[in-house]
Amino acid sequence: FTYTDGNGRRTRRRVEPHGLLVRAPLWYLIAWDPRRDAARLFRADRITRPAVTTTRFLSRPHELVTGVCPDARPTAG
């Protein structure tokens, strides 16, 4: 997807999605960014042109979430 940061800079991202975080009124994509070898949060309203690929990726432990957003809690399912 293309991501526009808070300063208006656009970057192309390829990430491994792991969840959604809702902090009304905003939604965030919780994802692993292989290029940066780190977890990242992306505001959903700043994502454009998302595409789903058939690439498989490893499930990351829930610590991925707590590293990016300490008050997030994983859910079953």
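Here are a few worked exercises on a predicted model.

**Exercise 1: Positive phi without glycine**

Take Asp37 and Arg49: what are their phi values, and are these residues buried or exposed?

*Solution.* Begin with Asp37. Phi there is positive, at about 50 degrees, even though Asp37 is not a glycine. On the chain, Asp37 belongs to the loop between β4 and β5 (38–43). Its relative accessible area is 60%, and the cut-off for exposed is over 50%, so Asp37 is exposed.

You'll find Arg49 in the loop between β6 (47–48) and α1 (63–68). With 64% relative accessibility, Arg49 counts as exposed.

**Exercise 2: Salt bridges**

How many salt bridges does a search of the whole structure find? Work through the pairs Arg9 with Asp5, Arg13 with Asp33, and Arg43 with Asp45, giving the distance and the exposure of each partner.

*Solution.* The count comes to four salt bridges.

- Step one, Arg9 and Asp5: the closest N and O atoms are 3.0 Å apart. Arg9 is exposed at 52% relative accessibility, while Asp5 is partly exposed at 22%.
- Step two, Arg13 and Asp33: here the closest N and O atoms are 3.3 Å apart. Arg13 lies in the loop between β2 (10–12) and β3, and Asp33 lies in strand β4, so this pair ties together parts that are 20 residues apart in sequence. For exposure, remember that buried means under 20% relative accessible area. Arg13, at 16%, therefore counts as buried, and Asp33 is buried too, at 1%.
- Step three, Arg43 and Asp45: the closest N and O atoms are 2.7 Å apart. Arg43 is partly exposed, with 22% relative accessibility, and Asp45 is exposed, with 52%.

Finally, look for shared partners. Salt bridges that share partners link Arg13, Asp33 and Arg36 into one network.

**Exercise 3: The largest pocket**

What is the volume of the largest pocket, which residues lie nearest its centre, and how does its lining divide by residue type?

*Solution.* First the volume: the largest pocket comes out at about 490 Å³. Then the lining, which is made of 16 residues. Nearest the centre of the pocket are Val15, Pro17, Ala51, Val52 and Thr53. Last, sort the lining by type: nine residues are nonpolar, two are polar and five are charged.

**Exercise 4: A nonpolar surface patch**

Which residues make the nonpolar surface patch of about 320 Å²?

*Solution.* Leu20, Val22 and Trp27 make the patch.

Methods:
Residues are numbered from 1 along each chain as its sequence is written. This is a predicted model: local features need pLDDT of at least 70, side-chain atom pairs count only at pLDDT 80 or more; totals for chains, interfaces and linings use all residues. Side-chain values use heavy atoms; hydrogens and water are left out. Helices (H or I, at least four residues) and strands (E, at least two) are DSSP runs, numbered from the N terminus. Buried means under 20% relative accessible area, exposed over 50%, partly exposed in between (1.4 Å probe, protein chains only). A salt bridge is a side-chain nitrogen of Lys or Arg within 4 Å of a carboxyl oxygen of Asp or Glu. On a 1 Å grid over the protein atoms alone, a cavity is a set of points where a 1.4 Å probe fits but cannot get out, and a pocket is an open set with protein on both sides within 12 Å along at least five of seven lines; lining residues have an atom within 4 Å of a point. Grid points are joined across faces, edges and corners, and a volume is the space filled by probe spheres set on the points. Ala, Val, Leu, Ile, Met, Phe, Trp, Tyr, Cys and Pro count as nonpolar, Asp, Glu, Lys and Arg as charged, and the others, Gly among them, as polar. Patches are made of residues with over 30% relative accessible area and no salt bridge: like charges are joined within 9 Å, nonpolar side chains (Val, Leu, Ile, Met, Phe, Trp, Tyr) within 5 Å. Accessible areas come from the Shrake-Rupley method with a 1.4 Å probe; for residues, only the protein chains shown count as cover.
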